[in-house]
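User: I have a model open and would like to go through it with you. Can you take my questions as they come?

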Amino acid sequence: MLLITVFWGGTFLIVHLAMAVSGPLFFVGLRFGCAAIVTGALAWPVMCGLTRLELKSGILIGLTIYLGYALQTWGLQTILSSKSAFITSLYVPIVPLLQWLVLRRMPSVMAWTGVGLAFIGMLLMSDPGDAVAGGLGLGEWLTVISTVAIAAEILLIGGYADQVDARRVTVIQVGVASLMSFATMPLAGEALPPFSWHLLLAGVGLGIASAVIQLTMNWAQKQISPTRASVIYAAEPVWAGIIGRMAGEHLPPLALLGGASIVLGVVVSELKPKRGRARIDIGAVNDPA
């Protein structure tokens, strides 16, 4: 799973570079269309057993994936990949807040502490110019909103995990995410990009990677607890920052401190007391990048 976080971190930079030759919706549609083909081929022998509940859950999860990735990719048009990765990791402390609002489960003290640290990190990551103008820039806000959709995805997956076949649901959810992205291109005024080998290779490569990562996560998280998995996932923005730095991205010292605060908030939010804690299965979560 640690190896998976390295690949996750690298996907942010690939998407950021792809935005130079493509609109966000087309790229998300291409990426998840390729993922649907790969997962569909692997799950073909069991697809005939698709149930109505699996279809419903796949559609709902697919809609949250579409919203999360479309907004995140849109944000990557204007912010660095490393900054996007740190902000995206906010989905972990947001999960208990959504549980509180939707399921009326009061977050633990550690969850509130994690949210506070993550919020401080967000303030530190905002550029001084943006702060003077009234807060975060458009790219940062789009990424923040995307984390709410990703957190909703986690809640839905946790709610359906014990009732569905993960292989069939994965095919449905990535297929829905792809179709929704292509279908909303006209509404967003986004035109088809000109053919580019860079775009094609990036979309196909990330589609295959998304399929492999998803299957690996589903297997690995049968062996470890959700809490431990979430702490491992906190390494994702760290690797994104390292890879972005190697590619020439340079975050200012305050932004790096903010990123560290967000990662600390992610880890702290998952350090819950064993007695009486509400657990959520995030074993089938797609990565937000």
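Analyst: What follows goes from the overall fold to single residues.

Analyst: First, the ground rules. This is a predicted model, in which local features need pLDDT of at least 70 and side-chain atom pairs count only at pLDDT 80 or more, while totals for chains, interfaces and linings use all residues. Residues are numbered from 1 along each chain as its sequence is written, and side-chain values use heavy atoms, with hydrogens and water left out.

User: How many helices and strands does the protein have?

Analyst: The protein has 13 helices and zero strands. Helices (H or I, at least four residues) and strands (E, at least two) are DSSP runs, numbered from the N terminus.

User: What share of the residues is buried?

Analyst: Of the 289 residues, 55% are buried. Buried means under 20% relative accessible area, exposed means over 50%, and partly exposed is in between, with a 1.4 Å probe and protein chains only.

User: And which part of the surface is carbon and sulfur?

Analyst: Carbon and sulfur atoms account for 73% of an accessible surface of about 13,200 Å². Those areas come from the Shrake-Rupley method with a 1.4 Å probe; for residues, only the protein chains shown count as cover.

User: Let's pick a helix. What is the span of α2?

Analyst: Helix α2 covers residues 24–43, and its end C-alpha atoms are 28 Å apart, which agrees with the 28 Å that its 20 residues should span at 1.5 Å a residue. The expected span is 1.5 Å times one less than the number of residues. As for cover, 16 of the 20 residues of α2 are buried.

User: Which residues form the nonpolar patch on the surface?

Analyst: W100, L101, V102, L103, M106 and W112 form it, with about 620 Å² of accessible area together. Patches take residues with over 30% relative accessible area and no salt bridge; like charges are joined within 9 Å, and nonpolar side chains (Val, Leu, Ile, Met, Phe, Trp, Tyr) within 5 Å. Helix α5, residues 91–103, gives the most to this patch, with four residues. W100 is in α5 and counts as partly exposed because its relative accessibility is 32%.

User: Staying in α5, is I94 buried or exposed?

Analyst: I94, also placed in α5, is buried, with a relative accessible area of 17%. Leaving aside neighbours within four places in sequence, I94 is in contact (heavy atoms within 4.5 Å) with T147, V148 and A151. I94 and S269 are 175 residues apart in sequence, with their C-alpha atoms 9.3 Å apart in space.

User: New topic. How many salt bridges does the count come to?

Analyst: The count comes to three. A salt bridge here is a side-chain nitrogen of Lys or Arg within 4 Å of a carboxyl oxygen of Asp or Glu. One of them joins E54 and R168, at 2.7 Å from N to O. E54 lies in helix α3 and R168 in helix α9, so the pair ties together parts that are 114 residues apart in sequence. Both E54 and R168 are buried.

User: What about E140 and K83?

Analyst: They form a salt bridge too, with the closest N and O atoms 3.2 Å apart. E140 is in α8 and K83 in α4, so this pair ties together parts that are 57 residues apart in sequence. E140 is buried at 4% relative accessibility, and K83 is buried at 6%.

User: And D165 with R167?

Analyst: Their side chains meet in a salt bridge at 2.9 Å, N to O. D165 is buried at 16%, whereas R167 is partly exposed at 42%.
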